[in-house]
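Hello, and please take a look at the structure below. A few questions and answers follow, to be read alongside it.

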Amino acid sequence: MAPTSMTAARFYEVNEPLRLEEIPVPEIQEDEVLLQMKAAGLCGSDVHIVFEGVTPTAFKPITLGHEPAGVVAATGRRVEGWEEGDRACVVPGLFCGSCQNCVMGFPNICLNRKILGIQREGALAKYLVVPAKNLVRLPESVPFTVGAIITDAVATPFYAMTERVALRAGETVAIFGAGGLGLHAIQISRLLGAAKVIVVDPRDDQLERARNMGADLTINPAETQPVEAILEATGGLGVDVAAEFVGLQQTISQCVESVVMGGRVVIVGLGPDPIHIVPPTVFVRKQIALLGSYGFTKRGIEQLVELSASGKLKLEESITHTFPLEEVNTALKYLHEKIENPIRVAVTL
Ligand SMILES: [Zn+2]
Ligand SMILES: [Zn+2]
């Protein structure tokens, strides 16, 4: 029997620490499962919510956290295929499955989408209630912390590189921004068979990490003009694919300028400024494709779990810091202030 109350990290106001509170364990509906949480990844969005207030939550107080992994503790009456004790990570966007976007194959932009920890009670608690259809089975060989970060930090660049720009073996790729998403994009590009992975970032320590993760060439834009360097590294032609993980006008424009005739650009970085790129005379004649990429699909998360279980994708090193739930505010501080330069910070439960 699951207990009736649990500890949860609750968000009340911007720039206030999360409060660790005892709240009732939520009840499950007939198509839901109760997950006993084992790990939750923290994400840039959590920093935005807590310290910047740029991502408003649907209600307050709310339990934050949208990268969950845990063990099934109870199942609703109509749930099939899941039993107590099963290990799982969770697709953090709840999708309806019946709106136009879901039917068209884009559950990531479901019209009725609810994200855990933003529009619905989240993962930074001892227990979490989610629809059974959001669960992805986690084999013993994949640690809970890895399962947790797969659900967003890895799944987001995976969706961009596989579903959106469909990077193919032998192609060249430029990645702008070597934060958590960009670093994982390097690994994914290598897995997909990219012939050359070029990474642009103004932080030398991130560029070193990029090289460790398999980047063939790294460019610091403070020292070298990135478009010129990319053209030079590709025989003057440009890369087949450029991926933007920053969300700035300048880097988006540089992506477009860096691609070959018929090249594809995918933007993952979020930002407030309008996109200004090359004139249509260039954009049209070069037949450039410019794509936005938001979130991920359940299928992508399943594939990443498989890649991780088989050892083809090594993600343990991405989790540079872990903290118990009781230290969640320290964990957020590490991420916000980039203390010890974390890649991903996970909370264990
Ligand atoms: Zn996130
Ligand atoms: Zn939908």
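**Loops, helices and overall form**

Q: Where is the place of Gln287?
A: Helices (DSSP runs of H or I, at least four residues) and strands (runs of E, at least two) are numbered from the N terminus. In this predicted model, Gln287 sits in the loop between helix 8 (280–285) and strand 16.

Q: Which pLDDT do local features need here?
A: Residues are numbered from 1 along each chain as its sequence is written, while chains are lettered from A and ligands numbered from 1 in the order in which they are written. As this is a predicted model, totals for chains, interfaces and linings use all residues, side-chain atom pairs count only at pLDDT 80 or more, and local features need pLDDT of at least 70.

Q: Is Gln287 buried or exposed?
A: A residue is buried with 20 or more other C-beta atoms (placed from the backbone) within 10 Å of its own, exposed with 12 or fewer, and partly exposed in between. Gln287, which has a positive phi of about 50° although it is not a glycine, has 9 other C-beta atoms within 10 Å, so Gln287 is exposed.

Q: What is the phi of Asn341, about?
A: Asn341 lies in the loop between helix 10 (328–336) and strand 18 (344–348). With 12 C-beta neighbours inside 10 Å, Asn341 counts as exposed. Although Asn341 is not a glycine, its phi is positive, at about 45°.

Q: How many of the 10 residues of helix 7 are buried?
A: The buried ones include Thr251, Ile252 and Cys255. They pack (contact means C-beta atoms, placed from the backbone, within 7 Å) against elements including helix 6 (226–233) and strand 15 (259–267). Helix 7 (residues 249–258) is largely enclosed by the rest of the structure, because its buried residues number 7.

Q: What is the radius of gyration of the chain?
A: The radius is taken over C-alpha atoms, and the globule rule is 2.2 Å times the number of residues to the power 0.38. For 349 residues, a compact globule would come near 20 Å, and the chain agrees, with 20 Å.

How values were computed:
Two residues are in contact if their C-beta atoms, placed from the backbone, lie within 7 Å.
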